[in-house]
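Visitor: Can you walk me through this one? I'd like to start with the terms.

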Amino acid sequence: MPNEIRASHILVDIKSRSKEDALKAIESLISDLEEGSDFAELARENSDCPSGSNGGDLGFFGKGAMVPEFEKAAFDLEIGSTSSVVETSFGYHLIQRTE
């Protein structure tokens with residue numbers, strides 16, 4: 001198990017919309033990915049996190065740097081794979097492990 005990984009994510013926050021609307025938005029992004037859309041492009045266009053402008057790239061991070069739900073999902077991913085919906089106190093995330 002590595003001490004640090006690199007990942008990107010798309011956040012659909014639950015501060016500016018209802019949880020139901022946020023969930024619909026993240027499910028729509030999953031459909032876009034399944035149809036071949038580029039993760040980084042979707043992050044730039046849709047993520048509510050400042051990392052969206054960098055294609056969702058969060059850089060390298062270690063254990064304890066992210067909220068527990070996010071960390072577990074990110075560290076459980078194989079390099080190159082994308083998570084299912086991960087819910088945190090910030091909203092709904094799609095996480096793609098890049099390194």
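Guide: Buried means under 20% relative accessible area, exposed over 50%, and partly exposed in between, with a 1.4 Å probe and protein chains only. This is a predicted model: local features need pLDDT of at least 70, side-chain atom pairs count only at pLDDT 80 or more, and totals for chains, interfaces and linings use all residues. Residues are numbered from 1 along each chain as its sequence is written, and side-chain values use heavy atoms, with hydrogens and water left out.

Visitor: Phe61 and Phe75, buried or exposed?

Guide: Both Phe61 and Phe75 are buried.

Visitor: How many aromatic pairs does the structure hold?

Guide: There are 2. Rings of Phe, Tyr and Trp (its six-membered ring) pair if their centres lie within 6.5 Å; planes under 30 degrees apart count as stacked, over 60 as edge-to-face and the rest as tilted. Phe61 and Phe70 have ring centres 6.3 Å apart and planes at 55°, so that pair is tilted. For Phe61 and Phe75 the centres are 6.2 Å apart and the planes at 80°, so the pair is edge-to-face.

Visitor: What sits over the ring of Phe75?

Guide: The charged end of Lys63, 4.4 Å from the ring centre. The criterion is NZ of Lys or CZ of Arg within 6 Å of the ring centre and within 35 degrees of the ring normal.

Visitor: New topic. What does Ser83 touch?

Guide: Leaving out residues up to four places away in sequence, Ser83 touches Leu77, His93, Leu94 and Ile95; contact means heavy atoms within 4.5 Å. Ser83 is buried, at a relative accessible area of 12%.
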